[in-house]
Structures are given as C-alpha cells and as structure tokens.
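Open the model in your viewer and keep the selection tool at hand. This tour goes stop by stop, from charged side chains to the whole fold.

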Amino acid sequence: MKIACVGGGPAGLYFSILMKRQDPSHDITVHERNPAGSTYGWGVTYWAALLDKLHEGDPESARAVRANSVRWSDGVAHIGGGTTVHHGDEGFGIGRRRLLDLLAERARSLGVRVEYEHEITADRMPEADLVVACDGVNSALRDAHADGFGSDVTLGRNTYIWLGTTKVFDSFTFAFVETEHGWIWCYAYRFGDDLSTCVVECSPETRDGLGLDRADEADGLALLEKIFADVLDGHALIGREHADGSAQWLNFRTLTNRVWHRGNLVLLGDAAHTTHYSIGAGTTLALEDAIALAGALGEEPDLSAALTRYEQERRSALLSVQSAARYSARWYENLPRYVRLPAEQMFALLGQRHSPLLPYVPPQLYYRIDRAAGRLEALRRFKRWLGPRVARTVQARTRR
C-alpha cells in the first residue's frame, strides 16, 4: 500500500512505524510543513498504560520514549498560602521535540520517508492509496471537506497560555492565586532535566483586568512571573522557543467530527478530535488512534471496511474521555464555586472534576458523599449510577 501521512506529529510518525512493522513493503511518506526541530509546545504528559501499548506495538521506540522521559508520583496544589499533597499520581513527561525526534528516527530506520518543509494542501493531494490527515486541529485537508466530515468546533470560555519555565517541578503542580481581578492559576510539570511546562489559565475578565490581553510577550511574562513568584522560586517563564510568533492567549477549541473518513482520506489525532488539556490526554489519544488505525488496516483487507472499523472503535473509546474533558473544563470555568473550600477539600474535588454529578451537588456535600463512598462499595456504585442521570436531566431541562 502507498500511504501519505500529512503532518509529522506523534500520531502520524507512530502510525508509519506500525505500518512498516506490519509490512516493510508499504511505501510510506510523512509530509511535515515545518522545518525539522521547529515543533511548538514544551512537554507532553502520559501515564504508564500508554507505555505498555507502545511496547506492544514497537518495543524499540517504547524503550526510547521511556528512557527519555521523567516521572513524577505526586500531585501538589498551592492555594491561599497553603499546600496540599496527593500521593500516588504517577505520570511521565517528555519534551515534545524530543518525542518527535525519537519517532522520526525510528520511522526512518524502518524505511519511512520523512519530508520536512513539504506542505500538502487540499488542491494538491499526494497520490496514494491512503492519505492520513494528522495535521492537527487546524487540519487543512479536513477543513477543505468540513461539511463532509461534519466538523464542529466549540470554544471554551477560559483563556490559557502555554509556556515553559526553568523551574524544575518534582511533582505535577497546581497553583491558584487570587488577584484584584479574579483568580488565575497554572498547571506545571517537569519534562526534562532543566525545563518544565507551565500552562496558565484564567477567565477572560481576569486576563483583561490584569492587562495581559494588551501586554507584549516580555511584559506579560514578567507580570506572570510576579503573580506566581512563590511557586516559581524566582525562575523565569519562557514563551515560544522558535521564530513562529510569541506565545498567545487562546481559548481551547473542542473539535468533533461526525465522520472520520471520506474515500481514501482518514483523520487521525487532533485532526479528528480534541480533548481539553486539563486531563492531559491529547498525545495519548493521538497515539492510540494510530494503534487502532494500523490494527484495523492489518486485519481488514478492504480499505473502506478498515477505516469504518477504526472510526467506530475510536469513537466508542473516546466517549468517556470526552465527557471527562468537558466536565474538567467546566470545573475550571466555575472555579469560584470551589476555591473557598478548605485546601484539602478543594484539592479532593479537583481530583473529582470529571464527575458528571459534581456540578449539581453543593461542593461540601459532594465532598462528604465522596469520602463516604470511598468506604462503602454500594454507595460508590450508586454515585456512578446517579451522576450521568442527573446530568442528562438537567441538560434536557436547560434545552427546553
């Protein structure tokens, strides 16, 4: 099969690796419009279960990813001058650029052509049996057929900015700071020996009140360094590393598509779906897409049947994750509802932010129910049963 992957992110590269391992005679090219090494972003997160899946698909690249990752085992929240620690949240971080370098090197070693500075557009499609659109949320190939795919984008209310920092965090860290214009917070995690990712989020009213919407990058970073001085310990925040513009305040775009393939064109990763960054699953889901697509193509001789199988499998797997992401984003959009609780309770509900029941129960009552449910299996089952039903009932009433 002749395969063209449009986009040199983790999903496209890993898919090309899996397909070459299935059958070395596949003719595969990965087309990336940007120069080598010019990726945006800082570090990405994943959990141990992904390593197991990567090892099953290609042990060599899995070992390289693990060897170049850092690990943390705690979650830490700073709020109101206090600190709360939750033990046991083991996770991993790896620099996005390092991840791409590892996967590209492995793909080339198997005979995949990886072509940089090679932009593919809808009116200049590569000649191939299968074209995989893995060119991100702004996919040009998908947007050229947006009506056919049934693409829908919803903007989140809160604004965020994706930064790096020289502060090395040993744990996955949250910091919530109250300003005269409202609350602002960051999520920070280490991804290398000397760098961490730091995502800052707040409401648009807080951003604008602080003047961050009007500040240039240098002044904006200086103000954020001042706001988060305690957690940064005097370390600097860093904007974009490359000459592709300064770091920008954005609203998260939740993308869905009614269908994921048209003819021989199929969507993969963020081109097919996005989930709010607060659940830290974007890279994992994209790689799982690659695994599922390669698996379907290996088991179904008919291309259309394979693409349909891939779409059905992944859409089903994503339902619970997409629901968790929606509730997680909503929790942060309604932060004032929780932020005045005692730090331990607030952090406990932060861990429960994926729950469909939490938005409809007074926070302190939910906290007491959750503590009791931890001791009683019957109450745990009732809570899992009740949450989706309450959410559906309330949503139905608001639509009337």
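Which residues are linked with R106 in a network of salt bridges? Select R21, D58, E60 and R106: these four make up the network. Keep in mind that this is a predicted model.

**Stop 1: R106 and D58**

R106 and D58 form a salt bridge, and their closest N and O atoms are 2.8 Å apart. Now colour the elements around the pair. R106 sits in helix α4, residues 96-109. D58 sits in the loop between α2 (48-57) and α3 (59-67).

**Stop 2: D289 and R314**

Next, select D289 and R314. Their side chains meet in a salt bridge, with 2.6 Å from N to O. Why does D289 count as buried? Its relative accessibility is 0%, and buried means under 20%. R314 counts as buried too, because its value is 6%.

**Stop 3: R309 and E300**

Now pick R309 and E300. Here is another salt bridge between side chains, at 3.6 Å from N to O. Check the surface around both. R309 is partly exposed, with a relative accessible area of 31%. E300 is partly exposed as well, at 26%. Side chains of opposite charge can pair when their charged atoms come close. How many salt bridges does a search of the whole structure find? The search finds 17.

**Stop 4: R142**

Move to R142. This residue lies in helix α5, residues 140-143. With 1% relative accessibility, R142 counts as buried. What surrounds it? Leave aside neighbours within four places in sequence, then show the contacts of R142. They are G136, V137, F149, S151, L255, N257, L267, D270 and A271.

**Stop 5: R337**

Jump to R337. Look for it in the loop between α11 and α12 (343-351). R337 counts as partly exposed, at 32% relative accessibility. Which residues does R337 contact, leaving aside its neighbours within four places in sequence? Select L358, P359, Y360, V361, P362 and P363 to see them. Then draw a distance from R337 to Q322. These residues are 15 apart along the chain, and their C-alpha atoms are separated by 23 Å.

**Last stop: the whole protein**

Zoom out and switch to a cartoon view. The secondary structure comes to 14 helices and 15 strands. The radius of gyration is 22 Å, close to the 21 Å that the globule rule gives for 400 residues, so the protein is as compact as a globular protein of that length. Along the principal axes, the C-alpha atoms fill a box of roughly 60 × 50 × 40 Å.

Colour by burial next. Of the 400 residues, 50% count as buried. Then show the surface. The protein exposes about 18,600 Å², and carbon and sulfur atoms supply 49% of that area.

Turn to contacts between residues at least 6 apart in sequence. Of these, 70% join residues at least 24 apart.

Finish by colouring the charges. The protein has 46 positive and 51 negative charges, and the mean positions of the two sets are 8 Å apart.

Technical notes
Residues numbered from 1 in each chain as written. Predicted model: local features only at pLDDT ≥ 70, side-chain atom pairs only at ≥ 80, totals over all residues. Heavy atoms only, no water. Helix = DSSP H or I, 4+ residues; strand = E, 2+ residues; numbered from the N terminus. Rg over C-alpha atoms; globule rule 2.2 N^0.38 Å. Buried < 20%, exposed > 50% of the residue type's maximum accessible area, 1.4 Å probe, protein only. Contact = heavy atoms within 4.5 Å. Areas by Shrake-Rupley, 256 points an atom, 1.4 Å probe, with all protein chains shown as cover. Lys, Arg positive; Asp, Glu negative; His and termini not counted. Charge placed at Lys NZ, Arg CZ, Asp CG, Glu CD.
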